[in-house]
Amino acid sequence: MFFSRMENFLEKNIEGFFNRKFSSNLQMAEIEKIIDRILIRQKKRVNRAIFVPDKFTITMSDEDFNQLNNIETQNHLKLFLYKSVIQKDYFMETLPTIHILKSPKFKLGVCEITAKFNSDKTSDTDNDNVNDLEQGTIIVPNLDIKEITNPSHKQQALNFASLTIIEGPDKDSYLAFGCNQIHLGRRDKNEFLLTDVNVSRLHAYITFEHGRHILRDANSLNGTSVNDRPITNFCLCPGDIIQIGNTRIVYDLI
């Protein structure tokens, strides 16, 4: 009888104490770790490119939901996805969407994350529907990217990449940017304005397609190079050196 009462006491009090003491709210770092594992586990190859899911649903407890269901969490996780995809040399079919839900089934600090592709377009391996980005190893399906030019996305202004001039008349000039199209050259209205006389007025531009920044030469007079190789279209990776005229620019994540 004594041991039975002692067991009940420990179960109701001591165990409850430790549950309250050590339980905590769901942490952003834990969500990032789960998403990172999902990207690796659910990736699939299309031609020579690797695509990962772009639609995520996160289900959590009521208390965690009240804390994390906000625009700051959405933006933080989108930035994490953008940078993870670029760092791992992956692609996404569309801009990522993140849905946060709550359920009484989940305890504080516990969540479930599911991910899927927004459509089955990434299964199309028809050689007539690919763009060779002249990187030598990357071929990307020519998918519908209307959402990239949607004005509502331009208003988000989530900056996760940068251009820094390391050599040339405008040395140390810097631009942070995200999903918006960026124009480079001597033209006044360019987002990245250069004074190099060997640079065309509109020399090159950068688009955001399939979760990646694509550098495109704009039929410039002197051409565009990346890592000392002439290009017309190029899928950028962190650390790549862009040369236009006498100006050298490094692309990186921030």
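First, some ground rules. Residues are numbered from 1 along each chain as its sequence is written, and side-chain values use heavy atoms, with hydrogens and water left out. Because this is a predicted model, local features need pLDDT of at least 70 and side-chain atom pairs count only at pLDDT 80 or more, while totals for chains, interfaces and linings use all residues. Helices (H or I, at least four residues) and strands (E, at least two) are DSSP runs, numbered from the N terminus.

**Around Arg248**

Not counting residues up to four places away in sequence, Arg248 touches Thr164, Ile165, Ile166, Glu167, Asp228, Ile241, Ile242 and Gln243; contact here means heavy atoms within 4.5 Å. One of these, Ile165, lies 83 residues from Arg248 along the chain, yet the C-alpha atoms of the two are separated by 5.8 Å.

**The sheets**

Strand S19 belongs to an open sheet of six strands, ordered S10-S9-S19-S18-S15-S16 and paired antiparallel. Two strands pair if DSSP finds at least two bridges between them. Strands S10 (174–177) and S16 (229–231) stand at the edges with a single partner strand each, so one side of each is left without a neighbour in the sheet. On average, neighbouring strands of this sheet are turned by 30 degrees against each other, direction ignored. Within the sheet, Ser162 stands opposite Asp252 in S19.

Elsewhere, strand S3 pairs with both S5 and S6. The table sets out several strand pairs, S3's among them.

| Strand pair | Direction | Bridges |
|---|---|---|
| S9 (residues 161–167) and S19 (residues 247–253) | antiparallel | six |
| S3 (residues 55–60) and S5 (residues 97–102) | parallel | six |
| S3 and S6 (residues 111–116) | antiparallel | six |
| S2 (residues 49–52) and S4 | parallel | two |

Thr59 has Leu101 in S5 as its bridge partner, and Lys55 stands opposite Lys116 in S6. For Val52, the bridge partner in S4 is Met92.

**A helix pair**

Helix H2 (residues 28–42) packs against helix H4 (residues 71–87) at an angle of about 40 degrees, with their axes 11 Å apart. That makes H2 oblique to H4. Axes are lines fitted to C-alpha atoms, for helices over the stretch in contact, and angles run from 0 to 180 degrees between N-to-C directions. Angles under 35 degrees count as roughly parallel, over 145 as roughly antiparallel, 65 to 115 as roughly perpendicular and the rest as oblique.

From H2, the residues Met28, Ile31, Glu32, Ile35, Asp36 and Leu39 meet Thr73, His76, Leu77, Phe80, Leu81 and Ser84 of H4. Seven residues of this contact are nonpolar, three polar and two charged (Ala, Val, Leu, Ile, Met, Phe, Trp, Tyr, Cys and Pro count as nonpolar, Asp, Glu, Lys and Arg as charged, and the others, Gly among them, as polar).

**Confidence**

The protein averages a pLDDT of 83, and 76% of the residues score at least 70; pLDDT is the predictor's confidence in each residue, from 0 to 100. Over residues 12–22 the pLDDT is below 50, and this stretch has four contacts in the model beyond near neighbours in sequence. Residues 123–155 also have pLDDT below 50, with 71 contacts beyond near neighbours in sequence. Where pLDDT is low, the predicted coordinates should not be read in detail.
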